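Please read the numbered points with the sequence and the 3D view at hand.

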Amino acid sequence: MYEKLIGKLEEAEKGPFYTKEEFEKIFEEYKRKHRIRIYIDMDDTLCQFTKSKNEHLERNPDNKYPWCQLDFFRNLEEVQSGVETIKLLAKEGYDVWILTRPSIRNPLSYMEKRIWVEEHLGFDWCDKLILCPNKSLLIGDILIDDKIWENFKGIQLHFGSESCSDWETAYKQIHEYEKI
Ligand SMILES: [Mg+2]
């Protein structure tokens, strides 16, 4: 999308209607109004929930609910390239939010998800963290999630599925998306 507009900007430099400065101002305003909003899931999209769950179950098969114990969510490993990719998307101007459903059986998950975000992405990203049990309620353009939310109004990249198996693919698909 931005490439198209940059093309128009280059054309406009030659045209009689706007000066370069005027067009840049219009372009900045356009970008501000039309930013693509992306929601990113945490468990099994940014953090390795299932891997950790299985490791806990292997070590201690009697504990059927390892995600209910202290530090489970805080200690999850990153999914490869997830953190780097969402930082890059934000730098590129996308409106990136982390959207996660907490575990209602583990109140600690509300706190530990917030701590995970600070430890892996930095303090500023805590302001971009949304804890919500129903992701379909949010208004946005793209949701990247390993679970399908049928009533989400934007498009969904089904992370971990054949159509979007990793972050490299997700990054490409985001850039193919055009809001206009
Ligand atoms: Mg998930």
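1. In this predicted model, β2, α5 and β3 form a β-α-β unit of right-handed sense. The two strands of the unit pair in parallel over 3 bridges, and isoleucine 98 has leucine 129 in β3 as its bridge partner. Helix α5 (108–121) lies across both β2 and β3, and the helix runs at about 165 degrees to β3.

2. The unit belongs to an open sheet of 5 strands with parallel pairing, in the order β3-β2-β1-β4-β5. At the edges stand β3 and β5, each with a single partner strand, so one side of each has no neighbour in the sheet. On average, and with direction ignored, neighbouring strands are turned by 25 degrees against each other.

3. The remaining strand pairs may be followed from β1. This strand runs parallel to β2, to which 4 bridges join it, and parallel to β4, with 3 bridges. Isoleucine 38 takes part in both pairings: its bridge partner in β2 is valine 96, and its bridge partner in β4 is isoleucine 142. Strands β4 and β5 are likewise parallel and are joined by 4 bridges; here isoleucine 142 stands opposite isoleucine 155 in β5.

4. For orientation in the whole chain, the secondary structure comprises 6 helices and 5 strands. Starting at the N terminus, the elements follow one another as α-α-β-α-α-β-α-β-β-β-α. Of the 180 residues in the protein chain, 23% are buried. When contacts between residues at least 6 apart in sequence are considered, 64% of them join residues at least 24 apart.

5. The largest nonpolar core contains 30 residues. Those with the most contacts inside this core are Ile38, Ile40, Cys47, Ile142, Ile144, Leu157 and Ala170. At least two core residues come from each of β1, α4, β2, α5, β4 and α6. In soluble globular proteins, nonpolar side chains tend to be buried together. Beyond residues up to four places away in sequence, cysteine 47 touches Met42, Leu76, Glu77, Glu78, Val79 and Trp116.

6. Aspartate 44 is not a glycine, yet has a positive phi of about 65 degrees. This residue is located in the loop between β1 and α3 (49–59). Aspartate 44 counts as partly exposed because 18 C-beta neighbours lie inside 10 Å.

7. The second case is aspartate 71, also not a glycine, with a positive phi of about 75 degrees. Aspartate 71 is placed in the loop between α3 and α4. Is this residue buried or exposed? Aspartate 71 is exposed, because 10 other C-beta atoms lie within 10 Å, and a residue with 12 or fewer such neighbours counts as exposed.

How values were computed: Residues numbered from 1 in each chain as written. Predicted model: local features only at pLDDT ≥ 70, side-chain atom pairs only at ≥ 80, totals over all residues. Core = buried A, V, L, I, M, F, W, Y, C linked by C-beta atoms within 7 Å. Buried ≥ 20, exposed ≤ 12 C-beta atoms within 10 Å, placed from the backbone. Contact = placed C-beta atoms within 7 Å. Pairing = 2+ DSSP bridges. Right-handed = clockwise from strand over helix to strand, strands pointing away. Axes fitted to C-alpha atoms, helices over the stretch in contact; angles between N-to-C directions.
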